[in-house]
Structures are given as C-alpha cells and as structure tokens.
Amino acid sequence: MDFIENQKWRYATKKFDASKKINGEDLEKIKESINLAATSYGLQLFKVLIIENSETRETLKKHSWGQSQVTEASHLMVFCNFTSVKDEHIDSHLQLKSKLMGIEESTLKGYGDFMKSKTAEMTPEQTSVWNAKQTYIALSNAMAMCAELRIDTCPLEGFSPEEYNSVLNLHKKGLEATVVLTLGYRSAEDKTQHTPKVRKTLEDLFEVL
Ligand SMILES: Cc1cc2nc3c(=O)[nH]c(=O)nc-3n(C[C@H](O)[C@H](O)[C@H](O)COP(=O)(O)O)c2cc1C
C-alpha cells in the first residue's frame, strides 16, 4: 500500500464501532511500530499503557472531555513520558546496546558520560518536555502503521494529564501522561469520514531559502 494513499484514508475518527476489535497479530505490529520509532540517543524514555479495564476507561473518559473514543475504540493507549532521566536509564540502555551489538560495555563509557552530562543540564521540566516529544514520534509511527493495516485511530490531547496521572498512579512509576491514542474501526455513522481533508497548500507550508 502507498504511504500517501494510507494517509488520505486515515482521519481522526470521532465515532468507533465498539463491536469491532483489533486482532492480536495486528496489535503486535502496532506495538512493534512504536518500539521501532526513533528516539533521542535511542533511549526510549517513555512507556505505553494499554488500558483494557472497562471501569478505568469509563473513568478516563470523564477526564477526556467525555470523548466517546476512549470507551468505544477497540484499544486505548496512553503514551507516557518518563519524568526524569536517571543514570540507570542510560546504563541499562548501554548494557542492551553492548549485548545486541556484541561490543564491550567499557567502549561505550565515554558516550554514556556524554549523555549523562547533557541530560543533567536539563531542568526537571525540560526533561519531561524532552521525553514527551519522543512519544509523539512513536504516536505518529503507530498511526501510520494502523493506516496501513486499515485500522482507524484518533489521537487525543483533549484530556486532563493531571487526572490521568492520578487515576493511573503514574507519578509513582516515574511517568506522566503525554498523549492518548484510541484505535479500532470507524462506525458507519461517523460522518467525519466523508469530509474532505483540510490542509494548507504545499506552497504555504514550505519555504525554500
Ligand atoms: C496531538 C493531537 C491531539 C489531538 N487531540 C484530539 C482530541 O482530543 N480529540 C479529537 O477528536 N481529535 C484530536 N486530534 C485530531 C485532530 O483534530 C485532527 O488530526 C486534525 O483536525 C486533522 O484531521 P485529520 O487527522 O482527520 O486529517 C488530535 C490530533 C493530534 C495530532
């Protein structure tokens, strides 16, 4: 399938068909697409929660401007950024790197020290923002993967991160909610699917200097 065609097919789904569920094989592909997203230094300082519990989803809907996608989509993913970068995060990444690349961990020490010094320069707020940015790249990968699989999505920023953090006990895990992805299959009643894409012209969007 053609990437541009997939993107034209995709739209921010307002109403999902609650009776249709994403199968396990497709879900694994979506998870893989998230795992393969590029991240700064490759550190992957985020986690994606898949919320299956229907009571929790009802509660989260209340904190998501009442948006029906939260309960009606087949799956609900909450992308969460790490709230801090600890030396142990960098060390465990380098251990993995050394194992998967078959290189001595000691040869990566200089690189590790560089990452530690750069990340230590950030304030806690800058760290959260930096980690949050990474989740959007992963979100985009997931949406593109879904479009290829003809699975509908709607990303959501229309929610209260503070309430999500509290309901999902995220601070205790060193996380905070960044962005939400609802995914499943469009309802035939969702009129949005018939509306044209509203986009700037390429001339407006790009400037060649
Ligand atoms: C980060 C992000 C947050 C969004 N939040 C919401 C949301 O809370 N509710 C919603 O219905 N759509 C949400 N959208 C969908 C946008 O409104 C939609 O992508 C945009 O209007 C373009 O339409 P299209 O995706 O159908 O082409 C969000 C999109 C992005 C990228």
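Predicted model: local features only at pLDDT ≥ 70, side-chain atom pairs only at ≥ 80, totals over all residues.
Two strands pair if DSSP finds at least two bridges between them. Strands (E, at least two residues) and helices (H or I, at least four) are DSSP runs, numbered from the N terminus.

Residues are numbered from 1 along each chain as its sequence is written.

## The chain as a whole

The protein chain has nine helices and four strands. From the N terminus, its elements follow the order α-α-β-α-α-β-α-α-α-β-α-β-α. Its C-alpha atoms fill a box of roughly 60 × 45 × 35 Å, taken along the principal axes.

Of the 209 residues in the protein chain, 26% are buried. A residue is buried if 20 or more other C-beta atoms lie within 10 Å of its own, exposed if 12 or fewer, and partly exposed in between; the C-beta atoms are placed from the backbone.

Contacts come next. Two residues are in contact if their C-beta atoms, placed from the backbone, lie within 7 Å. Take the contacts between residues at least 6 apart in sequence: 83% of them join residues at least 24 apart.

## The sheet

In what order do the four strands of the open sheet stand? The order is β1-β2-β4-β3, and the pairing is antiparallel. β1 (46-50) and β3 stand at the edges, each with a single partner strand, so one side of each has no neighbour in the sheet. From one strand to the next, the twist averages 25 degrees. For that value, axes are lines fitted to C-alpha atoms, for helices over the stretch in contact, and angles run from 0 to 180 degrees between N-to-C directions.

| Strand pair | Sense | Bridges |
|---|---|---|
| β1 and β2 | antiparallel | five bridges |
| β2 and β4 | antiparallel | eight bridges |
| β3 and β4 | antiparallel | five bridges |

Phe 82 stands opposite Leu 175 in β4. Asp 152 has Gly 184 as its bridge partner in β4. Eight of the 10 residues of β4 are buried, so this strand is largely enclosed by the rest of the structure.

## The nonpolar core

A nonpolar core is a set of buried Ala, Val, Leu, Ile, Met, Phe, Trp, Tyr and Cys residues joined through C-beta atoms within 7 Å. The largest one here has 34 residues. Val 78, Phe 79, Ala 142 and Cys 146 have the most contacts inside it. At least two residues of this core come from each of α2 (24-35), β2 (75-82), α7 (124-148), β3 and β4 (175-184). The largest share, seven residues, comes from α7.

What does Cys 146 touch, not counting residues up to four places away in sequence? Cys 146 touches Ile 30, Ile 151, Thr 153 and Leu 183.

## Around the ligand

A residue is near a molecule if its C-beta atom, placed from the backbone, lies within 6 Å of it. The residues around the ligand are Tyr 11, Ala 12, Lys 14, Gln 67, Cys 154, Pro 155, Leu 156, Glu 157, Gly 158, Val 179 and Lys 197. Strand β3 (residues 152-156) gives the largest share of this shell, three residues.

By class, the shell has six nonpolar, two polar and three charged residues. Here Ala, Val, Leu, Ile, Met, Phe, Trp, Tyr, Cys and Pro count as nonpolar, Asp, Glu, Lys and Arg as charged, and the others, Gly among them, as polar.

## Residues to look up

Tyr 41 has a positive phi, near 60 degrees, and is not a glycine. Gln 44 is not a glycine either, yet its phi is positive at about 50 degrees. Tyr 41 counts as partly exposed because it has 16 C-beta neighbours inside 10 Å. Gln 44 is partly exposed, with 19 other C-beta atoms within 10 Å.

Is Glu 52 buried or exposed? Glu 52 has 9 C-beta neighbours inside 10 Å, so it counts as exposed. Glu 52 lies in the loop between β1 and α3 (54-62). Glu 52 and Met 77 are 25 residues apart in sequence and 9.2 Å apart in space, C-alpha to C-alpha.

Gln 7 belongs to helix α1 (residues 3-9). Gln 7 and Met 143 are 136 residues apart in sequence, and their C-alpha atoms are 9.1 Å apart in space.
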